[in-house]
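Visitor: I have a model to go through with you. Can we start with the ground rules and then look at the details?

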Amino acid sequence: MVMIAPSILSADFAALGEGVRQAADGGADWIHVDVMDGHFVPNLTIGPPVVAAIRKVCALPFDVHLMIETPDKYIEAFAAAGADWISVHAEACTHLQRTLAHIRDLGKKAGVALNPHTPLCVLENILDDLDYVLLMSVNPGFGGQSYIPANTPKTARLRRMIEQSGREILIQVDGGVSPATIGPVAAAGASVFVAGSAIYGDKDGVAAAIAKLRAAATA
Ligand SMILES: O=C(CO)[C@H](O)[C@H](O)COP(=O)(O)O
Ligand SMILES: [Fe+2]
């Protein structure tokens with residue numbers, strides 16, 4: 001299974017709704033929304049009112065990646081704004097199990113995002129609380145960075161961990177995903193691929209870029 005989640009971080013912010021529409025019309029499976037607070041990461045992006053506005057553009061699942069220091073304060077607002085999948089960073093959560101349970105209590109799918117340096121062992125005791133794991137393949141904060149190759153064996157180790165547990169947990173990879181990098185990480189066991197610059201920066205357009213990623217992932 002290959003699912004493509006365009007990151008609207010690389011879309012034209014002056015026409016964000018149009019960027020979402022292009023992704024939906026172009027064959028995207030999810031819409032990935034990067035929320036940054038200027039503390040957890042050195043960048044600022046968007047909040048719940050913007051999610052609520054662009055949510056109206058299409059019916060695809062909205063995947064909200066919270067790169068913020070105090071996610072507990074904002075989870076309800078993002079859920080109310082229309083997020084379907086919500087990921088929080090393990091590095092930002094003191095009571096991670098409680099935070100994930102809160103997301104599920106709101107009827108949403110719960111994910112944990114891990115920075116490139118964060119080991120998989122932080123997931124060991126929370127597998128029951130997870131719908132997906134977001135492996136960052138760049139240091140979060142900006143689009144357009146290069147894929148960190150160590151993420152590929154990390155993905156394979158996570159796949160084994162999930163298989164051994166007998167659970168259904170999706171692996172999402174985010175950062176530097178392009179037709180040149182997606183193949184090995186798909187083979188390693190990821191199934192949801194976030195791509196920003198490779199989709200919105202493709203000279204052939206959003207639909208062609210999504211098709212290229214899908215073809216490269218399954219080649
Ligand atoms: O979470 C993110 C950055 O922190 C983005 O989702 C990610 O970087 C996508 O951009 P690109 O595909 O251009 O690397
Ligand atoms: Fe992201």
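Guide: First, contact: two residues are in contact if their C-beta atoms, placed from the backbone, lie within 7 Å. This is a predicted model, where local features need pLDDT of at least 70, side-chain atom pairs count only at pLDDT 80 or more, and totals for chains, interfaces and linings use all residues. Residues are numbered from 1 along each chain as its sequence is written, while chains are lettered from A and ligands numbered from 1 in the order in which they are written.

Visitor: OK. What does Gly143 touch?

Guide: Ser7, Leu9, Ser10, Gly196 and Ser197, not counting residues up to four places away in sequence.

Visitor: And where does Gly143 lie?

Guide: In the loop between strand 6 (132–136) and helix 5 (151–165). Helices (H or I, at least four residues) and strands (E, at least two) are DSSP runs, numbered from the N terminus. Gly144 lies in that loop between strand 6 and helix 5 too.

Visitor: Is Gly143 buried or exposed?

Guide: Gly143 counts as buried, with 21 C-beta neighbours inside 10 Å. The cut-offs: buried is 20 or more other C-beta atoms within 10 Å of a residue's own, exposed is 12 or fewer, partly exposed is in between, and C-beta atoms are placed from the backbone. Gly144 has 13 other C-beta atoms within 10 Å, so it is partly exposed.

Visitor: Switching to the ligand. Which residues come nearest to ligand 1?

Guide: Ser7, Pro140, Gly143, Gly196 and Ser197, out of 23 residues around it. A residue is near a molecule if its C-beta atom, placed from the backbone, lies within 6 Å of it. Strand 2, strand 3, strand 8 (192–195) and helix 7 (197–200) each give two or more residues to that shell.

Visitor: How many of the shell residues are charged?

Guide: Two are charged, with 12 polar and nine nonpolar. Here Ala, Val, Leu, Ile, Met, Phe, Trp, Tyr, Cys and Pro count as nonpolar, Asp, Glu, Lys and Arg as charged, and the others, Gly among them, as polar.

Visitor: What does UniProt list as "binding site"?

Guide: One set in the unreviewed entry is His32, Asp34, His65 and Asp174. They span 143 residues in sequence, yet no two of their C-alpha atoms are more than 10.5 Å apart, so they gather at one spot. UniProt positions are in the numbering used here, feature names are shortened, and annotations may be inferred rather than shown by experiment. The entry also lists a "binding site" that includes Ser7, His65, Gly143 and Ser197.

Visitor: What is His65 in contact with?

Guide: Among others, His32, Asp34, Ser87 and Asp174, leaving aside neighbours within four places in sequence. His65 is found in strand 3 (residues 62–67). His32 lies in strand 2 (residues 31–36).

Visitor: Why is strand 3 largely enclosed?

Guide: Six of its six residues are buried, so the rest of the structure largely encloses strand 3. Phe62, Val64 and Leu66 cover one side, and Asp63, His65 and Met67 the other. In a regular strand the side chains alternate between the two faces of the sheet.

Visitor: How many bridges join strand 2 to strand 3?

Guide: Six, and the two strands run parallel. Strands pair if DSSP finds at least two bridges between them. Met36 stands opposite Met67 in strand 3. Strand 3 also pairs with strand 4 (residues 85–89), in the parallel sense over four bridges.
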